[in-house]
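This briefing goes through a predicted model.

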Amino acid sequence: MSCLFCRIIAGEVPGTFLYQDDRLVVLQDVNPQAPLHALVIPRRHIATLNDLGPEDDGLVGEMVRRAAIVAREQGVAESGFRAVLNCNREAGQTVFHIHLHLIGGRPMAWPPG
Ligand code: AMP
Ligand code: ZN
């Protein structure tokens, strides 16, 4: 298995999990860009947002809602947080297994770089 996130989810590579269920995990980012930087990752391997089908609508909804729950648990729900999905190289995607970045705990600029 060559996918880094599949290997972390399988326990072959270490990771710090903030949440896990049968459909998704929330992993602490190893190179945090803010005081809170976690990744909401589906257990099933989906390479990019371009590979989503209509059958994944529920899964994507769970990812977004889980991000909001973890943001609340981590104390940034009211101050604010960002939920980011990068698709392909120009957008900065480096791990080709979809993941939602949950970033918070500091003010952020717009537009993103
Ligand atoms: P992206 O660039 O959108 O594909 O995001 C990939 C994210 O995965 C980056 O924020 C990396 O810091 C993070 N990352 C890479 N390797 C690991 C790892 N072993 N454990 C946790 N996060 C990782
Ligand atoms: Zn994968």
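Histidine 45 is partly exposed, at 39% relative accessibility. Its ND1 atom is one of the protein donors of the zinc ion (ligand 2). Cysteine 3, another of these donors, is buried, with a relative accessible area of 12%.

**Zinc site**

- Along the sequence, the spacing of the donor residues is C-x2-C-x38-H-x51-H.
- Cysteine 3 sits in the segment before helix H1 (4-9), and histidine 45 in the loop between strand S3 (36-42) and helix H2 (57-73), so this pair ties together parts that are 42 residues apart in sequence.

**Sheet**

- The model has an open sheet of 5 strands, ordered S1-S2-S3-S5-S4, with antiparallel pairing.
- S1 and strand S4 (81-84) are the edge strands, each pairing on one side only.
- From one strand to the next, the twist averages 15°.
- S3 pairs with strand S5 (residues 100-104) in the antiparallel sense, over 5 bridges.
- In this pairing, histidine 37 stands opposite isoleucine 103 of S5, and valine 40 stands opposite leucine 100 of S5.
- S4 and S5 also run antiparallel, joined by 4 bridges; here alanine 83 stands opposite leucine 102 of S5.

- Is S5 enclosed or open to the outside? 5 of the 5 residues of S5 are buried, so this strand is largely enclosed by the rest of the structure.
- In a regular strand, side chains alternate between the two faces of the sheet.
- In S5 both faces are covered: Leu100, Leu102 and Gly104 are buried on one side, and His101 and Ile103 on the other.
- H2 lies across S1, S2, S3, S4 and S5, and runs at about 20° to S5.

**Nonpolar cores**

- In soluble globular proteins, nonpolar side chains tend to be buried together.
- The largest nonpolar core has 15 residues, of which Val26, Leu36, Val40, Met63, Ala67, Leu100 and Leu102 touch the most other members.
- S2, S3, H2 and S5 each supply at least two residues of this core, and H2 gives the most, with 5 residues.
- Leaving aside residues up to four places away in sequence, methionine 63 touches Leu24, Val40, Pro42, Leu85, Ile98, His99 and Leu100.
- Another core, of 11 residues, lies apart from the largest one; among its members are Ile8, Val25, Leu39 and Ile41.

**Aspartate 22**

- Aspartate 22 is located in the loop between strand S1 (17-20) and strand S2 (24-28).
- Is aspartate 22 buried or exposed? Its relative accessible area is 67%, so aspartate 22 is exposed; the cut-off for exposed is over 50%.
- From aspartate 22 to glutamate 78 the separation is 56 residues in sequence and 28 Å in space, C-alpha to C-alpha.

Methods: Residues are numbered from 1 along each chain as its sequence is written. Chains are lettered from A and ligands numbered from 1 in the order in which they are written. This is a predicted model: local features need pLDDT of at least 70, side-chain atom pairs count only at pLDDT 80 or more; totals for chains, interfaces and linings use all residues. Side-chain values use heavy atoms; hydrogens and water are left out. Donors are N, O and S atoms within 2.8 Å of the metal (3.2 Å for Na, K and Ca); water is not among the atoms, so sites may look incomplete. Buried means under 20% relative accessible area, exposed over 50%, partly exposed in between (1.4 Å probe, protein chains only). Two strands pair if DSSP finds at least two bridges between them. Axes are lines fitted to C-alpha atoms, for helices over the stretch in contact, and angles run from 0 to 180 degrees between N-to-C directions. Contact means heavy atoms within 4.5 Å. A nonpolar core is a set of buried Ala, Val, Leu, Ile, Met, Phe, Trp, Tyr and Cys residues joined through side-chain atoms within 4.5 Å.
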